[in-house]
Amino acid sequence: MAFVKVADVSDIPVGQGSLVEASGLSLAVFNLGEGRFHAMSPVCPHEDGPLAEGWIEGDAVVCPWHGFDFELGSGRCRVDEQLAVSVYPVRVRDGVVEVDVPE
């Protein structure tokens, strides 16, 4: 895995997500504020909803289609324990959001 730039900090407003591409991989990246960002697979496994368009509630993102919520740190679904999304390490360096993606 290798960290790659996905956005500038200013590109993703606090409390929102953004759909980004990194090394051929689509990701949903969320800005929780105070320099805290999370990255995960962008598609809800329930009905293929767009997680980047969801809203943040505490430490989870809620899918805008049917309300399934996924923990930002683990990807675990709180509604259906059989569902989960992949999560990726994120770091911020010099105003740049970087995600550790598979090579």
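**Ground rules.** I number residues from 1 along each chain as its sequence is written, and my side-chain values use heavy atoms, with hydrogens and water left out. Because the model is predicted, local features need pLDDT of at least 70 and side-chain atom pairs count only at pLDDT 80 or more, while totals for chains, interfaces and linings use all residues.

**Sheets.** I took helices (H or I, at least four residues) and strands (E, at least two) as DSSP runs, numbered from the N terminus. I counted two strands as paired if DSSP finds at least two bridges between them. I looked up the four-stranded sheet: it is open, has the order 2-3-4-8, and its pairing is antiparallel. Its edge strands are strand 2 (17–22) and strand 8 (87–88), each pairing on one side only. Strand 4 (residues 36–40) meets strand 8 in the antiparallel sense over two bridges. Opposite A39 I found Y88, in strand 8.

I then turned to the open sheet of three strands, which runs in the order 5-6-7 and is also antiparallel. Strand 5 (55–57) and strand 7 are the edges, each with pairing on one side only. The twist from one strand to the next averages 30° (axes are lines fitted to C-alpha atoms, for helices over the stretch in contact; angles run from 0 to 180 degrees between N-to-C directions). Strand 6 (residues 60–62) pairs with strand 7 over three antiparallel bridges, and A60 has E71 of strand 7 as its bridge partner.

**Cores.** I used "nonpolar core" for a set of buried Ala, Val, Leu, Ile, Met, Phe, Trp, Tyr and Cys residues joined through side-chain atoms within 4.5 Å. Buried means under 20% relative accessible area, exposed over 50%, and partly exposed in between (1.4 Å probe, protein chains only). The largest core has 15 residues, of which F30, M40, L51 and F70 touch the most other members. Strand 3 (residues 25–33) supplies the largest share of this core, three residues. Another core, of 13 residues, lies apart from it and includes V20, L27, F37 and A39.

**Salt bridges.** I required a side-chain nitrogen of Lys or Arg within 4 Å of a carboxyl oxygen of Asp or Glu. The structure holds five such bridges. One of them joins K5 to D8, with the closest N and O atoms 3.2 Å apart. K5 is exposed at 52% relative accessible area, whereas D8 is partly exposed at 27%.

D59 and R78 form another salt bridge, at 2.3 Å from N to O. This pair links distant parts of the chain, 19 residues apart: D59 lies in the loop between strand 5 and strand 6, and R78 in the loop between strand 7 and strand 8. D59 is partly exposed at 44%, as is R78 at 36%.

E71 and R76 meet at 2.6 Å, N to O. E71 is buried at 16%, while R76 is partly exposed at 41%. Through shared partners, salt bridges join D59, E71, R76 and R78 into one network.

**D69.** Not counting residues up to four places away in sequence, D69 touches A60, V61, V62, R76, C77, R78 and V79 (contact means heavy atoms within 4.5 Å).
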